[in-house]
Amino acid sequence: MDGIPLLFKYTVPDKLYEKFWEGLKRGEIYTTKCKKCGTLYYPPRKDCEKCMSSDMEWVKLSNEGILMTYSVVKQKPQGFENYSDYTVGIARNSDGANLMCWVKGEAKVGKKVRLTTDGQRVICEVIE
């Protein structure tokens, strides 16, 4: 069955999330935390939806986590048609943030992962 090609164009406010993007280039993962109530957000947000504060700070996330779930992508979305099958997952790091990531290694729920980046996205390397 043929799919209907879709094309989405949107603008990401680079300056607002510059720390996040620059961190990915250096292999670090940053997100925002509300200074008022302490709620941690990933991906980063400019406002806290819990206490409605805009007083946010950048925090570097731990690179240790557990793989919570994963899926092997065989039917790729637009822009990824030329990729081999790949695995994406959600890992909970030791800070309590759930990060969507590309999984490297043999994926299994509950396995320990090391969170890093490839310069553009978060990578979960299965270590155990």
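**Entry 1: ground rules**

Rings of Phe, Tyr and Trp (its six-membered ring) pair if their centres lie within 6.5 Å; I call planes under 30 degrees apart stacked, those over 60 edge-to-face and the rest tilted. With that settled, I found that ring pairs join Phe80, Tyr83, Tyr86 and Trp102 into a cluster.

I am working on a predicted model, where local features need pLDDT of at least 70 and side-chain atom pairs count only at pLDDT 80 or more, while totals for chains, interfaces and linings use all residues. Residues are numbered from 1 along each chain as its sequence is written, and side-chain values use heavy atoms, with hydrogens and water left out.

**Entry 2: aromatic pairs**

How many aromatic pairs does the structure hold? I counted eight. One of them is Phe20 with Trp21, an edge-to-face pair at 5.0 Å centre to centre and 75° between the planes. For burial I used relative accessible area: buried is under 20%, exposed is over 50%, and partly exposed is in between (1.4 Å probe, protein chains only). Phe20 is buried at 10%, whereas Trp21 is partly exposed at 35%.

Next I looked up Tyr83 and Trp102. Their ring centres are 5.6 Å apart and their planes stand at 65°, so this pair is edge-to-face. It links distant parts of the chain, with Tyr83 in the loop between strand 4 and strand 5 and Trp102 in strand 6, 19 residues apart. My strands and helices are DSSP runs numbered from the N terminus (helices H or I, at least four residues; strands E, at least two). Tyr83 is partly exposed because its relative accessibility is 35%; Trp102 is buried at 18%.

I also checked for charges over rings (NZ of Lys or CZ of Arg within 6 Å of the ring centre and within 35 degrees of the ring normal). Arg121 lies over the face of Trp102, 4.3 Å from the ring centre. Lys19 does likewise over Tyr30, at 4.6 Å from the ring centre.

**Entry 3: nonpolar cores**

I took a nonpolar core to be a set of buried Ala, Val, Leu, Ile, Met, Phe, Trp, Tyr and Cys residues joined through side-chain atoms within 4.5 Å. The largest has 18 residues, and those with the most contacts inside it are Ile29, Tyr42, Leu99, Val113, Leu115 and Val122. Helix 1 (18–26), strand 6 (98–104), strand 7 (112–117) and strand 8 (122–126) are the elements that give it two or more residues. A second, separate core has five residues, including Val73, Tyr86, Val88 and Trp102.

Which residues does Ile29 contact, leaving aside neighbours within four places in sequence? With contact meaning heavy atoms within 4.5 Å, I found Tyr42, Val59, Lys60, Leu61, Leu99, Leu115, Thr116, Thr117 and Val122.

**Entry 4: strands and their partners**

Two strands pair if DSSP finds at least two bridges between them. An open sheet of three strands has the order 2-1-3, with antiparallel pairing. Strand 2 (40–41) and strand 3 (56–60) are at the edges, each with a single partner strand, so one side of each has no neighbour in the sheet. Strand 1 (residues 30–34) runs antiparallel to strand 3, joined to it by five bridges, and Thr32 stands opposite Trp58 there.

I then turned to strand 4. Eight bridges pair it with strand 5 in the antiparallel sense, and Val73 has Tyr86 as its bridge partner in strand 5. Strand 4 also pairs antiparallel with strand 7, over three bridges; there Ile66 is partnered by Lys112.

Thr87 lies in strand 5. Is Thr87 buried or exposed? Thr87 counts as buried, because its relative accessibility is 17%. Beyond neighbours within four places in sequence, Thr87 contacts Tyr70, Ser71, Val72, Cys101, Trp102, Val103 and Ala107.

**Entry 5: the loop between strands 4 and 5**

Lys74 sits in the loop between strand 4 (64–73) and strand 5 (86–93). Lys74 is exposed at 57%, and a polar contact of 3.3 Å joins its side chain to that of Asp85. A polar contact here is a pair of N or O atoms within 3.5 Å; within protein, one must be able to donate a hydrogen and the other to accept it, and residues adjacent in sequence count only if both atoms are side-chain atoms. From Lys74 to Glu18 I read 32 Å, C-alpha to C-alpha, across 56 residues in sequence.

Gly79 belongs to the loop between strand 4 and strand 5. Gly79 is exposed, at 52%. Gly79 and Thr117 are 38 residues apart in sequence and 20 Å apart in space, C-alpha to C-alpha.
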